[in-house]
Amino acid sequence: MVFQAHVLKILIASPGDTDVERDAVESALGGWNASRAETEQTVLLPWRWEKHGIPVLGASAQSVINTQAVDQSDIVVALFDSRLGQATEEAVSGTAEEIKRAHEAGKPVHVWFSNEPIPRNAEVKQLAALKKFRTELEKVGLLGSYANPDDLAYQVRQAIEHDLQQLALGTAKGPKAKAGALIRSRFHYEKNITGYTSKGRPNTHTISRLYITNQGDVAAEGLTITISKPEAADADAGFRWGSSEPDAPFDLLPGAERDWPFLPVGLNSVVVHSQWSEGSRAHSEDQTISV
């Protein structure tokens, strides 16, 4: 049966020693969908990096996960067993960075720690780091613990029920009609081998371009595009345009796309500033994209 529904993306965040727990959480979300999705008009969509992450070159693995999962998620479920995980440029571990980023964005974040016996092959340094992180996290919220994967699955369902009450999504409606121009940006980087030298070294051709698309139903008139670095970027990081750049206003029809050679240097993301008009009304938007 077809029915209208809200779709909530649930990020399952955890280090690599929690495969069984991750499976249990995904199964719990699937069970909730089977029994409650239609009556609640809500579908829970689990996101796991090993299943749903899209490989992209030109950025660190963690920044890709941040863009594809953390920033797009509605709820974050974080799990820890006996490992904290590997440190990133921004945090003590990838999972810790995801928790911090989601919390700062105002998303519901639920964190559980295992009460199961510590494995005999557990790393002492990881256990110590995990204990320290848990102590720091206790200062900013209430943490959960689980006795086994089944216990965790039950608690996750309870947490989701709590979130749905808080979110008060209301009646799901069909997709709204587009209204106006919708300017979206994306970066594409690709390195292709075109042949080999006499010494067996590969000859490569690199594609590095910025794409601007109008996904709306009205033309964006006099569209101008400017790029800036994030505030946290290094002072020596930057970017340069290739043989052409969007240095003059242009019109972008619905469904149309323009692109230019664009090469970031030392950046994981950039801010794309768009300004345009629709008749007599002026519009502007900033979009942060991974590069």
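Modeller: Of the 291 residues in the chain, 38% are buried, where buried means under 20% relative accessible area, exposed over 50% and partly exposed in between, with a 1.4 Å probe and protein chains only. This is a predicted model, in which local features need pLDDT of at least 70 and side-chain atom pairs count only at pLDDT 80 or more, while totals for chains, interfaces and linings use all residues. Residues are numbered from 1 along each chain as its sequence is written, and side-chain values use heavy atoms, with hydrogens and water left out.

The C-alpha trace spans about 60 × 60 × 40 Å along its principal axes, and the chain holds 6 helices and 13 strands, these being DSSP runs numbered from the N terminus (helices H or I, at least four residues; strands E, at least two).

Turning to the part you asked about, strand β11 (residues 257–265) runs antiparallel to strand β7 (residues 202–214), to which 5 bridges join it; two strands pair if DSSP finds at least two bridges between them. Within this pairing of β7 and β11, I212 stands opposite R258 in β11. Strand β11 also pairs with strand β9 (residues 238–241), again in the antiparallel sense, over 4 bridges, and here W241 stands opposite F262 in β11. As background to reading such positions, side chains in a regular strand alternate between the two faces of the sheet.
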